[in-house]
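Here's a walk through one structure, strand by strand and contact by contact. Have the coordinates open as you read.

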Amino acid sequence: QVHLVESGGGLVQPGGSLRLSCTATGSIFRVNNMGWYRQAPGKRRELVATSTRDFYTDYADSVKGRFTLSRDNAKNTVYLQMNMLKPEDTAVYYCTADIVRSVNVDVGHYWGQGTQVTVSS
């Protein structure tokens, strides 16, 4: 079994900061891409940021300059530092990862359960 364990969501005022963490646990040979998506009420799930294993990172235009994605391959963990938060960043944030469970096993795509981020005064 493989699980993505998320933490760090919550309520923050506009202009504030939050840091999300996501750790892949279980029977893992290698974690490839890791990242975050989000889904606001009534909207489609959208990419926030993603990182390859060798740290090439891509961001949604709406978060560039405010959010920073980083990862620790030794810990199978990805972090999302969110600064200058806006009310429109309010959403459920989902961690995602492409994981190889063992040699000669195809890569699987996994999702976390989601963590709520609310930006409001």
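## Threonine 23 and the ground rules

Threonine 23 has a relative accessible area of 27%, so it counts as partly exposed; the label covers whatever falls between buried (under 20% relative accessible area) and exposed (over 50%), using a 1.4 Å probe and protein chains only. You'll find threonine 23 in strand β3, residues 18-26. Strands here are DSSP runs of E with at least two residues, helices are runs of H or I with at least four, and both are numbered from the N terminus. Along the chain, threonine 23 and valine 78 are 55 residues apart, yet 6.6 Å is what separates their C-alpha atoms.

A quick word on the source: this is a predicted model, where local features need pLDDT of at least 70 and side-chain atom pairs count only at pLDDT 80 or more, while totals for chains, interfaces and linings use all residues. Residues are numbered from 1 along each chain as its sequence is written, and side-chain values use heavy atoms, with hydrogens and water left out.

## Strand β4 and its two partners

Which strands does β4 pair with? Strand β4 (residues 30-39) runs antiparallel to strand β9 (residues 91-100), and eight bridges join them. Pairing here takes at least two bridges found by DSSP between two strands. In this pairing, valine 31 sits opposite isoleucine 99 of β9.

Strand β4 also pairs with strand β5 (residues 46-51), again in the antiparallel sense, this time over five bridges. Here tyrosine 37 faces leucine 47 of β5, and methionine 34 faces serine 51 of β5. The two strands make a hairpin with six residues between them, and glycine 42 in the turn has a positive phi of about 75°.

From β5 the pairing carries on: three bridges join β5 to β6, and the two run antiparallel. Threonine 50 has aspartate 58 in β6 as its bridge partner. This hairpin has five residues between the strands, and phenylalanine 55 takes a positive phi near 75° there.

Most residues other than glycine have a negative phi. Phenylalanine 55 is a residue other than glycine with a positive value, and its place is the loop between β5 and β6 (57-59). With a relative accessible area of 48%, phenylalanine 55 is partly exposed. Asparagine 76 is another non-glycine residue with a positive phi, near 50°, and it lies in the loop between β7 (67-72) and β8 (77-82).

## Rings and charges

How many aromatic pairs are there? The count comes to one. It joins tyrosine 37 and tryptophan 111 edge-to-face, at 5.2 Å centre to centre with 65° between the planes. The rule takes rings of Phe, Tyr and Trp (its six-membered ring) with centres within 6.5 Å, and calls planes under 30 degrees apart stacked, over 60 edge-to-face and the rest tilted. The pair links distant parts of the chain, with tyrosine 37 in β4 and tryptophan 111 in strand β10 (residues 108-111), 74 residues apart. Tyrosine 37 counts as partly exposed because its relative accessibility is 26%, and tryptophan 111 gets that label at 37%.

Tryptophan 111 also has a charge over its ring: the charged end of arginine 45 sits 4.7 Å from the ring centre. For that, NZ of Lys or CZ of Arg must be within 6 Å of the ring centre and within 35 degrees of the ring normal. Arginine 19 does likewise over the face of tyrosine 79, at 4.1 Å from the ring centre.

## The largest pocket

The largest pocket has a volume of about 170 Å³, that volume being the space filled by probe spheres set on grid points joined across faces, edges and corners. On a 1 Å grid over the protein atoms alone, a pocket is an open set of points with protein on both sides within 12 Å along at least five of seven lines, whereas a cavity is a set where a 1.4 Å probe fits but cannot get out; lining residues have an atom within 4 Å of a point.

What lines the largest pocket? There are 13 lining residues, and Arg38, Ala40, Lys43, Glu46 and Glu88 lie nearest its centre. By class, the lining has seven charged, three polar and three nonpolar residues. Asp, Glu, Lys and Arg count as charged; Ala, Val, Leu, Ile, Met, Phe, Trp, Tyr, Cys and Pro as nonpolar; and the others, Gly among them, as polar.
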